[in-house]
Amino acid sequence: MVEGFVSIGVPVYNGEEFLKEALLSIQNQTYKNWECNIVNNCSTDRTREIAEEFVQKDNRFKLHNYTEYMPVVQNWNRIANHISEDAEYFKVVQADDLIDQDYLKEMIKVMVQYPTIGMTSSYRIDGKKIMCDGLDILEGNFYKGKDLLLRHLKEEVDISGSITTLLFSAKYLRQIPDFPKIFNEKDLHCDTLLAYHFMNISDVGFIFKVLSFTRWHKKCLYKQIQC
């Protein structure tokens, strides 16, 4: 398999409780050709110290400390400013989530096989539930984007997941008119809107395995407000 370079972004605000586990899930990937940009949104806890430990031990991790606090979506948009020019793939890992050690390997394998795929998803564990179900494994891993978008709008399926679930082609990402502003800052469902955008402009891959894990906890009344 061609080892395309992956740029991973981890937006974080006061994430000391779970950040180490999230970063370890990235560091332990069986697919090795990646960078991880940790975007620290003016944290006041031990977030910076935890991130610096990874930066010191593994040069694939990079820490970007911002001194001005931004709301969640604006901080997510900071990530795209740090994508390497030679990145072929892009993903976000929320600081309290996890990805399976074979996440990148499984996702990129399908995207290499089908070059028109701009976004790939998979099953995920959301708290205690398995989500992103609804597709037929006998249909295979490749789906026409507009067909899948229509099925979403008709509420027949939902594989958009959380932002941690998805892997994007950087080529299509750079085609977003406002790039590097890739998330709609007026809508807390900005991750779903981004997924719909990719379904509209590209084809979609799906892996019939659990490859990401969404964590819910006491600080997280609404998932996105913690980033």
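This is a predicted model: local features need pLDDT of at least 70, side-chain atom pairs count only at pLDDT 80 or more; totals for chains, interfaces and linings use all residues.
Residues are numbered from 1 along each chain as its sequence is written, and side-chain values use heavy atoms, with hydrogens and water left out.

**The helix pair**

Helix α1 (residues 19-27) packs on helix α2 (residues 47-57) at about 20 degrees, the axes being 10 Å apart. Helices here are DSSP runs of H or I with at least four residues, and strands are E runs of at least two. The two helices are therefore roughly parallel, as angles under 35 degrees count that way. From α1, the contact (heavy atoms within 4.5 Å) uses L19, K20, L23, L24 and Q27, and from α2 it uses T47, I50, A51 and F54.

**Strand β6**

Nine of the ten residues of β6 (residues 117-126) are buried, so the rest of the structure largely encloses this strand. Buried means under 20% relative accessible area with a 1.4 Å probe, protein chains only. Its pairings, each needing at least two DSSP bridges, look like this:

| Partner of β6 | Sense | Bridges |
|---|---|---|
| β10 (residues 203-214) | parallel | nine |
| β9 (residues 167-169) | antiparallel | two |
| β7 (residues 129-131) | antiparallel | three |

D126 has T214 of β10 as its bridge partner, M119 stands opposite F168 in β9, and I125 stands opposite I130 in β7. In the β6-β7 hairpin, with two residues between the strands, G127 has a positive phi near 65 degrees.

Technical notes. Buried means under 20% relative accessible area, exposed over 50%, partly exposed in between (1.4 Å probe, protein chains only). Axes are lines fitted to C-alpha atoms, for helices over the stretch in contact, and angles run from 0 to 180 degrees between N-to-C directions. Angles under 35 degrees count as roughly parallel, over 145 as roughly antiparallel, 65 to 115 as roughly perpendicular and the rest as oblique.
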